[in-house]
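Please follow the charged residues of this chain one at a time, with the structure open beside the text.

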Amino acid sequence: MGQNYDAIFKKYKPGRREDLIPLLQDIQDTEGFLSEETIVKAGTFIGLSTTKIYGLATFYDQFRFIPAGKVHIRICNGTSCYINGSQAVIAKIGEITGLAPGQTGRDGIFSFEIETCMGGCNNGPVIRVNDEYHTHIRTDHLPEFIKKLRFIVEND
Ligand code: FES
């Protein structure tokens, strides 16, 4: 946790419960996930118990409580992508990586999560691999694609 982390808290006023979700979102955007330390700190800051914060945060599927893998895949499951087959993409990526959405592999290479619209609806299904968008995803291309990603990470 660095300066950025402290700067995030400075943007908010202590004790305002309505700021909890934006605060957690900001932290996750910076840190990549919500650590236990973060939850405790946010609880003290906002004035809510740690249990209450976990309860609220788990209600929103966008929060992660473990670090993402080196290759973090976001799969769009917004309406257009859904119509274009995102469910099959989610299932295939799960099958290849052996992970469920929100999990990170034990070797720390892959993690994936499901998101809503990524703004490329005419080109779905859309996925984002770290910061790179890939469109018109076909499930029969995924095994080779994931293999390449693994190769890149393992040989980096
Ligand atoms: S629904 Fe997937 S990019 Fe919009």
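In this predicted model, E113 has a relative accessible area of 8%, so this residue counts as buried. Its charge is paired: E113 forms a salt bridge with R74, with the closest N and O atoms 3.7 Å apart. Because E113 belongs to strand 2 (residues 110-115) and R74 to strand 1, the pair ties together parts that are 39 residues apart in sequence.

R74 is also buried, at 18% relative accessibility. Its side chain meets that of E115 in a salt bridge, at 3.0 Å from N to O. E115 lies in strand 2 and R74 in strand 1, so this pair ties together parts 41 residues apart in sequence. E115 itself has 24% relative accessibility and therefore counts as partly exposed.

R64 presents another case. This arginine sits in the loop between helix 4 (50-59) and strand 1 (71-76). R64 is buried but has no salt bridge; E113, the nearest side chain of opposite charge, is 4.7 Å away. A polar atom of the R64 side chain does lie 3.5 Å from the backbone oxygen of I66. Leaving aside residues up to four places away in sequence, R64 touches a set of residues that includes Q28, G32, H72, S111 and E113.

The loop between helix 4 and strand 1 also holds D61. With 70% relative accessibility, D61 counts as exposed. The C-alpha atoms of D61 and E113 are 8.9 Å apart, although 52 residues separate the two along the chain.

Q28, one of the residues that R64 touches, is among the buried residues of helix 2, as are L20, I21 and D26. Helix 2 (residues 20-31) has 12 residues and should span 16 Å at 1.5 Å a residue; its end C-alpha atoms are 16 Å apart, so the two values agree. Just after helix 2, G32 takes a positive phi of about 90 degrees.

Other charged pairs occur elsewhere, and the structure holds 11 salt bridges. R128 forms one with D131, the closest N and O atoms being 3.3 Å apart. R128 is buried at 19% relative accessible area, whereas D131 is exposed at 67%. R16, E18 and D19 are linked in a network of salt bridges.

The structure holds zero disulfides. C76 is buried at 2% relative accessibility, while C117 is partly exposed at 48%.

Notes
Residues are numbered from 1 along each chain as its sequence is written. This is a predicted model: local features need pLDDT of at least 70, side-chain atom pairs count only at pLDDT 80 or more; totals for chains, interfaces and linings use all residues. Side-chain values use heavy atoms; hydrogens and water are left out. Helices (H or I, at least four residues) and strands (E, at least two) are DSSP runs, numbered from the N terminus. Buried means under 20% relative accessible area, exposed over 50%, partly exposed in between (1.4 Å probe, protein chains only). Lys and Arg count as positive and Asp and Glu as negative; His and the chain ends are not counted. A salt bridge is a side-chain nitrogen of Lys or Arg within 4 Å of a carboxyl oxygen of Asp or Glu. A polar contact is a pair of N or O atoms within 3.5 Å; within protein, one must be able to donate a hydrogen and the other to accept it, and residues adjacent in sequence count only if both atoms are side-chain atoms. Contact means heavy atoms within 4.5 Å. The expected span of a helix is 1.5 Å times one less than its number of residues. A disulfide is a pair of cysteine sulfur atoms within 2.5 Å.
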